[in-house]
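These are my notebook entries on a structure that I had not examined before. I set down what I looked up, in the order in which I looked.

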Amino acid sequence: MTDAQRAAMRPSSRTPFDVERVRADFPLLRQRVADGRPLVYLDNAATTQKPQKVIDAMSRFYAEDNANIHRGVYDLCERATRLYEGARFTAQRFLNAAEAREIVFVRGTTEGVNLVAQSFCRPRLSPGDEVVVSAMEHHSNIVPWQLVCEERGARLRVVPMNARGELVLDGLEDLLGPRTRMLAVTHVSNALGTVNPVREIVARAHARGVPVLVDGAQATPHFRVDVRDLGCDFYTVSGHKVFGPTGVGLLYGRLEHLEAMPPYQGGGDMIRSVSFEKTTFAAPPARFEAGTPNIGGAIGLAAALDYVVALDWDAVGVHEGDLLAHASETLSAIPGLRIIGTAAQKVGVVSFVLDGAHAHDIGTIVDEDGVALRTGHHCAQPAMEFFGVPATARASFAFYNTHAEIEVLVAAVARVREVLG
Amino acid sequence: MAELRDLYQQVILDHNKNPRHHHRLGDANHTAEGNNPLCGDRITVFLKVEDGVIRDIGFEGSGCAISTASASLMTSAVIGRTTAEAARLFDAFHAMVVDPDAPADPNTLGKLAAFAGVRGFPARVKCANLPWHTLHAALAADSGRVTTE
């Protein structure tokens, strides 16, 4: 979240966020670990928990409305189709896309990036062309571009970052040359928590005629996203990171791009007509949804987006900002602990290393206190390399986390070196 | 749930803090690199093997407490042994950390039996195994590279 967004939120937030009421919506959070302590789930950047409404929407679909969508003429099929296409409208409103046709259901952010790399970028790449990514990208926003670059003899270039984990944008125009065909950048870093100034980046790239894909996997759980305000060409979302089910996500693409793009995969539902001589393809978004899609997943995702939209986002912003400040202050007071990623604009992600304790030992030891942390390179090896650490421990928060949970985390981390002797 | 003290036994903590044979061998005739990409653990094992006997061994690298202690205890266990004996220890160690029913026989395994607690922490088995897989690769070839993923 930017300062401006936060400032815009604070004064209007009259009602404090009722975290206990929200927690009651998430059945998994009620569970206790083996010795009766409450689970402290702080791995939200990996995946988020699901509200009962999402679980119910999916159960109801399978119990009452399941049929394959499109083409069937019976009532059940029409009901299933209505629910699936209704989910697309929900996603459109969630991202403020101009049209529902601009929303493609995909498996997740990874597939969204691959789809754009293969269908949009690949045909435009000639030997010597360039694709630009940033130094803090998740592997899923590096490797798909590398694959098409290798195949086409194009080159991957990298926007650098500074020691706080912020992109260094001074030289952006130097990277965006006449051979640049694409810029792919994350909205929020999964490993560092940095929020990138995507609106500005898009404007500067567009001034150079470079289209932009934004990896939104880590943004949508933390603040509201408006793709038209950002001005980006493509935006990708993972359903499971925004309180929805796994195996479903969103790709937003500007209609003019989607209409000009060849199919990503061939199969049923993506064609207009097929003969052995010639197949004509359906219009977007169907062109990019070959085969039976994850119907139940899309319906569950729509329930998650409805849930998220109904939250008081002014209050959520304040609550998450307070959690981040609390965790950053108390963790950094532990002797020998260093936070990796200290950008001015961050969401609730705290990556850290501790002298004399490897991240994996930290993860195992705090697990005894019921604290679920992620440890490792967070699929961002180049970023880890930049900071000179093989791995970090990462606590990542969602709006349902509490200050009491942060106290448990800090006490557990403070105990690590005691356990290691 | 498995107890932390079963995993972080005193002998393991000691070898993590003060790893033995933690140096490169100038006259190694077998080396291998091992790495565990998901953890970021890296290890290089150096061996001097003469007439089928491990005359000297050393390791370099960085990793978690379990992989560091495992490398340290492994080097201490195999130095002076024949490569056939080292291979048998590898098998016994591997069986102990992956098979809940395999006996952790102190007569065969000696101090290595301390790693029996790893069985209760499946995500950490690869940490304990990495040095052994790397040793195995070093013995199998003049030089090599292994990964536990």
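**Chain A: fold and extent**

I began with the contacts inside chain A: among those between residues at least 6 apart in sequence, 72% join residues at least 24 apart. I note at the outset that this is a predicted model.

I then looked up the secondary structure and found 16 helices and 15 strands in chain A.

For overall extent, I read that the C-alpha trace of chain A spans about 70 × 55 × 40 Å along its principal axes. I also checked the radius of gyration, which is 22 Å for chain A; this agrees with a compact globule, because one of 421 residues would have a value near 22 Å.

Next I looked up burial. Of the 421 residues in chain A, 51% are buried.

**Two domains in chain A**

I looked up how chain A is divided. Domain 1 takes in 3–47 + 312–420, and domain 2 takes in 54–309. Taken over C-alpha atoms, the centres of domain 1 and domain 2 of chain A are separated by 27 Å.

I then turned to the contact between these domains of chain A, to which domain 1 gives 26 residues and domain 2 gives 24 residues. On the side of domain 1 that touches domain 2, helix H12 (313–332), strand S12 (349–354) and helix H14 (381–387) of chain A each supply at least two residues. I sorted that side of domain 1 of chain A by class and recorded 13 nonpolar, 10 polar and 3 charged residues.

**Where chain A meets chain B**

Which chain does chain A contact, and with how many residues? I found 14 residues of chain A in contact with 17 residues of chain B. On the side of chain A that touches chain B, helix H13 (359–367) and helix H16 (416–420) of chain A each supply at least two residues. H13(A) provides the largest share of that side, with 4 residues. By class, the side of chain A that touches chain B divides into 6 nonpolar, 6 polar and 2 charged residues.

**One helix of chain B**

Finally, I selected helix H3 of chain B, residues 65–78. Its 14 residues reach 20 Å from the first C-alpha to the last, close to the 20 Å expected at 1.5 Å a residue.

Is H3(B) mostly covered or mostly uncovered? I found H3(B) mostly covered, with 13 of its 14 residues buried.

I then looked past the end of the helix. H3(B) is followed by B:Gly80, and I noted that the phi of B:Gly80 is positive, near 85 degrees.

How values were computed: Residues numbered from 1 in each chain as written. Chains lettered and ligands numbered in written order. Predicted model: local features only at pLDDT ≥ 70, side-chain atom pairs only at ≥ 80, totals over all residues. Contact = placed C-beta atoms within 7 Å. Nonpolar A, V, L, I, M, F, W, Y, C, P; charged D, E, K, R; others polar. Domains from an automatic or database assignment. Expected span 1.5 Å × (residues − 1). Buried ≥ 20, exposed ≤ 12 C-beta atoms within 10 Å, placed from the backbone. Rg over C-alpha atoms; globule rule 2.2 N^0.38 Å.
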